[in-house]
Amino acid sequence: MTTDDPAVRCTGLRYAFGDTVAVGGIDLVVRTGEIFGLLGPNGAGKTTTIRAITTLLPVPRGIVRVFDLDVARRKIAVRRLIGYVPQLLSADGALTGRENVALFARLFDVPRRERAARVADVIDAMGLTEAADRQTKTYSGGMVRRLELAQALVSAPRLLILDEPTIGLDPVARTGVWERIAEVRRQTGMTVLVTTHYMEEAEGACDRVALMHRGLIRAVGSPGELIDSLGGDGAATLDDVFRAYTGDEWTDQTKGFRHVQQTRRTASRLG
Amino acid sequence: MSSRLAALRPGWADPLLATPRLVLSRVSTMCLVELQKIRRDRTELFTRAVQPSLWLVVFGTTFTKLQTIPTGDVPYLDFLAPGVIAQSSLMISIFYGIQIIWDRDAGILAKLMVTPTPRAALVTGKAFAAGIRALVQALVVIVLALLLGVAVTGNPLRLLGVAVVVVLGAAFFCCLSIVIAGLVLSRDRMMGIGQAIMMPLFFASNALYPVALMPGWLQAINHVNPLSYQVEALRGLLIGTPARLGLDFAVLVGSAAVSVAVAASLLGRIAK
């Protein structure tokens, strides 16, 4: 593991749920220190890719490496490097904000003598100090997302992975989350891998993006490069790039009843 | 935003704990979280105390007067109290599978599984957390039993043994519940199955009546029912009836270990 290794390298990653191919043999490199956006509509295969990278799913075909560690063989070591925020709002409502973050400090073996200070630091960094000792069931959706960022950051990971971090949030909360992500990268140099289907957000926040559609990566580059590749007067957007590379509309693909249930549950928890 | 964020020492440089320390660390973390939740939800302690109280106060005192269940020199209420402790710990832990499914649906399980925690350590942590909750419940039942005049031992070593037995039993039933959750994968089905197996486990044990009174087929089930070994150990430790404590502890430790291993192997299926 050297500093020159890419943060993530997927080679021929393929994953199928029964007969449904979710990820169809992708090659992907996330460079160390960049904010990388994995973009695509619901059902494009983004979350399955993320779940393979985070060791949540096995890697039946292909190779996935995180800082040159094979995720299929070095699961615990890989998890040590990762801070993960899942798509669903996942803070424990029965605990306070501080307890939620302290839980992850303990699970990542943050030394006892540093624990309280580190928990306080990340809570402060996410602007939650005043609410830290309230149960998180009283938090707004935006506050829960910031708390989850604090949970993911408390172990000072090398790679921060965020799965649809702004889904279901109002525009102000969405902006707040992106500002925090940018600030974390600026202050720590951490690599950030983020999935989203909000093209305009990715355009402003990501150094590079990959457009994913029906389990395949159709284009990779900086938002500017991809927009320039269309030619024209520069008024194009990433939406236009997506249409040009896939020949398809930006529509959601069916993900099944469970996904719909989860999305509704998230919306319900957000209020 | 605090500039202190930049000064965070990289967590990935922290040494990875050796496996036994890691398991101990995860178990203590999960138990601490459970205690934090119990502290804030005292209502649940009272609501959960209703059913064991009814068993002791209504069923226990009535059948003590009727003297229809032969329990030798031991009053029926004394005989029943350890069974009620075991039953209340069973009731608490058998629904942990639902909590795991809820954690999955809320994204909490995925997040826990991306921490540097082996799945067996995660399951062991949950199992002991169930044990902590069962222990609090057992305390309530013991206090109630004392108020009703049950001759509960005051020997601290025996009481420590009671605590260990309660935790081991709860750990086994919690893991059994996670195993069922891993097979059925839905909260509704889990709720139905939990209800369906709880009473048969209870009635096919020595919690309510001596084994000698059971028909042969029920005695056979009783012999493979870990709840019976838990009740026997609790009864022996708490009120001093004859018990095969070595066998009881061996069965409880063995069944807890096997169920942790099976539940851990199914955790990935639940999280998928």
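Predicted model: local features only at pLDDT ≥ 70, side-chain atom pairs only at ≥ 80, totals over all residues.
In what order do the four strands of the open sheet in chain A stand? The order is β2-β1-β4-β5 in chain A, and the pairing is antiparallel.

The partner of β5(A) is strand β4, residues 61-66 of chain A, and the two pair in the antiparallel sense over two bridges. Within this pairing, A:R65 stands opposite A:D70 of β5(A). Helix α1 of chain A, residues 46-53, packs on the sheet and touches β1 (8-17), β2 and β4 of chain A. The direction of α1(A) makes about 120 degrees with that of β1(A).

I turn now to helix α9 of chain A, which covers residues 238-246. Its buried residues include A:L238, A:V241 and A:F242. Seen down the axis of α9(A), the buried residues fall within an arc of 100 degrees, and therefore they line one face of the helix. What do they pack against? Their partners in chain A are α7 (199-205), β9 (208-213), β10 (216-221) and α8 (223-228).

Which residues of α8(B) are buried? They are B:M190, B:G194 and B:L201. Viewed along the axis of α8(B), these buried residues lie within an arc of 50 degrees, so they line one face of the helix. On the other side of α8(B), the exposed residues are B:D188, B:G192, B:Q195, B:A196, B:M199 and B:P200. The buried residues pack against four helices of chain B, namely α3 (76-93), α4 (96-105), α7 (156-184) and α10 (226-239).

Finally, I come to the largest nonpolar core, which has 162 residues. The members that touch the most other members are A:V66, A:A150, A:V154, B:A171 and B:C175. Helix α7(B) gives the most to this core, with 15 residues. As for A:V154, leaving aside its neighbours within four places in sequence, its contacts are A:V101, A:F104, A:A105, A:F108, A:V110, A:R118, A:V119 and A:V122.

Key. Residues numbered from 1 in each chain as written. Chains lettered and ligands numbered in written order. Pairing = 2+ DSSP bridges. Contact = placed C-beta atoms within 7 Å. Axes fitted to C-alpha atoms, helices over the stretch in contact; angles between N-to-C directions. Buried ≥ 20, exposed ≤ 12 C-beta atoms within 10 Å, placed from the backbone. Arc of directions from axis to C-beta. Core = buried A, V, L, I, M, F, W, Y, C linked by C-beta atoms within 7 Å.
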